Amino acid sequence: MTHYDLVASNQHKSLFIVIAFIAFIVGVVYLMSLAFGFGPDFTVVAVVLSTVMAFGSYWWSDKIVLTISGARPVTRQEFFDFYTVTENLCIGQQMKTPKLYVIDDTAMNAFSTGRDPDHAAICATTGILAKLNRSELEGVIAHELSHVKNYDIRLMSIVSVLVGSVALLSDWMLRMTAWGGRRRSNNENSGQLGAILFIVGIVLALLSPIIAQLIQLAISRRREFLADASGVEMTRNPEGLINALTKITADTEPLEAANKATAHLYIANPLKNLSGGVGMFAKMFDTHPPVVDRITALKSI
Amino acid sequence: MIIIIALIILAVIAFYIIGIYNGLQTLKTQIKASVQEIGNQLKRQASLIPNLEAAVKGYMSHEKGIFQMLTAARTSAQTAVASGSSQDIDKAISNLQAVIPQIRIAVEDNPEIKADTTVTNFMQELSDTADKLMYARRSLIDLAQSYNQKLLTFPSNLIANAFGFKEEAGLATPMTGSHVEVSEAETQDVKVNLQ
């Protein structure tokens, strides 16, 4: 597959996700208003809301993702290597330098987001910036820049905001019905609302594995191998990325700022070693190929 | 009917020719821009060196060799910016690459300079400039490669020849010489004796 095929495929998939999201929300609301005997107004509201959300996810997915990850913009003085390495790689690729952000967290990870190479952002944790040397950092940034260049960022960010929001909503609804359900049943007036929430929660919970499958289908794991390979093409130094990945795997700290919706954006799975329900789900949402396989692939270059 | 099909085929061919022509022109302007980027970085290098010299002067007045190398790096960068010829650019880059490790050794040996943030800042800036020069040259090499490939491969070569596109030199490097030969000594296994 050439670079242009990749770009086209990502653009088509992004459009598909947007349409599928609108169809899903409108469909669910329509079925519910049939079941509960509401008028057609609700469906109209759903059409408007989901369309607004879909367009919002296209235009502001980068800002949404950066905000929920708790990222802040960086200056050249504060993170000299991060800033200049990105600048240098962009000189080599004749592309616009993306905006740079950091997450104040000692876990080692990085991701990129945005809707196209002119509106892109790269975000790294302060942990990865402190623990990697310049050539390792170059490997990681080159990997992220190749996501930017072939429009992976558009697809991945839209998936984060739209599909991810459904996944998070189902988590939240389940928790609400599990913990708050009993207390609510004492209150007669909100009984109907409680029942509706419960049913929606159950439906979404049943859908959760399907949503997970959807994310995996859209974010095929091959994407990471491809980004590794084209990143090395930018730096001509596979060792940098190999050492960086080795260090990232050795680091066992999960990244608190990440969640199911954003996990697939990161260079390495940020939900590793998380205990409890989220950790269990993380395996199902595993969108990252094992790092060992990636290193083997890099060594064969 | 036949006329319509012929017209469609002609239109497709015309669009193809326009596409190739514009692609080649775009690459030419990009090659020009990447050469200018190299000049831009050389200029930055030339203006950074005096600052570094001033910052380290107090510490290594006895290290005459380093100052001579710094001066050589600065003047060669200035000549390269002025002339823009590829030999001058190569000379400026190799002068810079020669002086950076020397300063680094001097800095490592001297804890006093190592603690001086002005010096370490200038060192960072200078080695970053060397990186930027490397990437700017790579960009020039890559662009010239894809341009020249279009000039030589079928069918874009037909269009390129028809409009008289000339091959781009890219980064001027002699095609023969010691850098493309492997000497007898280089084929031997490397034995490192740390004693």
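# A tour of chains A and B

Chain A of this predicted model has a mean pLDDT of 81, with 81% of its residues at 70 or more. Colour chain A by confidence. The highest value belongs to strand E2 (residues 99-103) of chain A, at 95, and the lowest to helix H10 (residues 277-284) of chain A, at a mean of 51. Next select residues 181-186 of chain A, where the pLDDT is below 50. Beyond near neighbours in sequence, this stretch has six contacts in the model. Where pLDDT is low, the predicted coordinates should not be read in detail.

Helix H1 (residues 2-57) of chain B has the highest confidence in that chain, at 87, while helix H4 (residues 111-114) of chain B has the lowest, at a mean of 73. For the model, the scores are ipTM 0.73 and pTM 0.80.

**First stop: a helix pair in chain A**

Select helix H1 (residues 3-36) and helix H2 (residues 41-68) of chain A. Their axes come within 9 Å and cross at roughly 160 degrees. An angle over 145 degrees counts as roughly antiparallel, so H1(A) is roughly antiparallel to H2(A). The crossing is right-handed.

Show side chains at the contact. On the H1(A) side, the residues include A:Phe21, A:Ile22, A:Ile25 and A:Tyr30. Among those they meet in H2(A) are A:Phe42, A:Ala46, A:Val47 and A:Tyr58. By class, the contact of H1(A) with H2(A) has twelve nonpolar, four polar and no charged residues.

Move to A:Tyr151, in the loop between helix H5 (134-149) and helix H6 (152-185) of chain A. Phi of A:Tyr151 is near 65 degrees, a positive value in a residue other than glycine.

Chain B has seven helices and zero strands, in the order α-α-α-α-α-α-α along the sequence. The radius of gyration of chain B is 24 Å, well over the 16 Å that the globule rule gives for 195 residues, so chain B is more spread out than a compact globule. Along the principal axes, the C-alpha atoms of chain B fill a box of roughly 85 × 40 × 25 Å.

Select helix H2 (residues 64-83) and helix H3 (residues 86-109) of chain B. They pack at an angle of about 155 degrees, with their axes 8 Å apart. H2(B) is therefore roughly antiparallel to H3(B). This crossing is left-handed.

Residues of H2(B) in the contact include B:Ile66, B:Met69, B:Leu70 and B:Ser76. Those of H3(B) include B:Asp88, B:Lys91, B:Leu96 and B:Ile103. The contact of H2(B) with H3(B) divides into 14 nonpolar, five polar and two charged residues.

Go on to B:Pro155, in the loop between helix H5 (117-152) and helix H6 (156-162) of chain B. The peptide bond joining B:Phe154 and B:Pro155 is cis, with omega about 0 degrees. Most residues other than glycine have a negative phi, and most peptide bonds are trans.

**Last stop: where the chains meet**

Bring chain A back into view. How many residues does the contact take from chain A and from chain B? Seven residues come from chain A and ten from chain B. On the side of chain A that touches chain B, three residues are nonpolar, four are polar and none is charged.

Technical notes
Residues are numbered from 1 along each chain as its sequence is written. Chains are lettered from A and ligands numbered from 1 in the order in which they are written. This is a predicted model: local features need pLDDT of at least 70, side-chain atom pairs count only at pLDDT 80 or more; totals for chains, interfaces and linings use all residues. Axes are lines fitted to C-alpha atoms, for helices over the stretch in contact, and angles run from 0 to 180 degrees between N-to-C directions. Helices (H or I, at least four residues) and strands (E, at least two) are DSSP runs, numbered from the N terminus. Angles under 35 degrees count as roughly parallel, over 145 as roughly antiparallel, 65 to 115 as roughly perpendicular and the rest as oblique. A crossing is left-handed if the near helix is turned anticlockwise from the far one by less than a right angle, and right-handed if clockwise. Two residues are in contact if their C-beta atoms, placed from the backbone, lie within 7 Å. Ala, Val, Leu, Ile, Met, Phe, Trp, Tyr, Cys and Pro count as nonpolar, Asp, Glu, Lys and Arg as charged, and the others, Gly among them, as polar. pLDDT is the predictor's confidence in each residue, from 0 to 100. The radius of gyration is taken over C-alpha atoms; the globule rule is 2.2 Å times the number of residues to the power 0.38.
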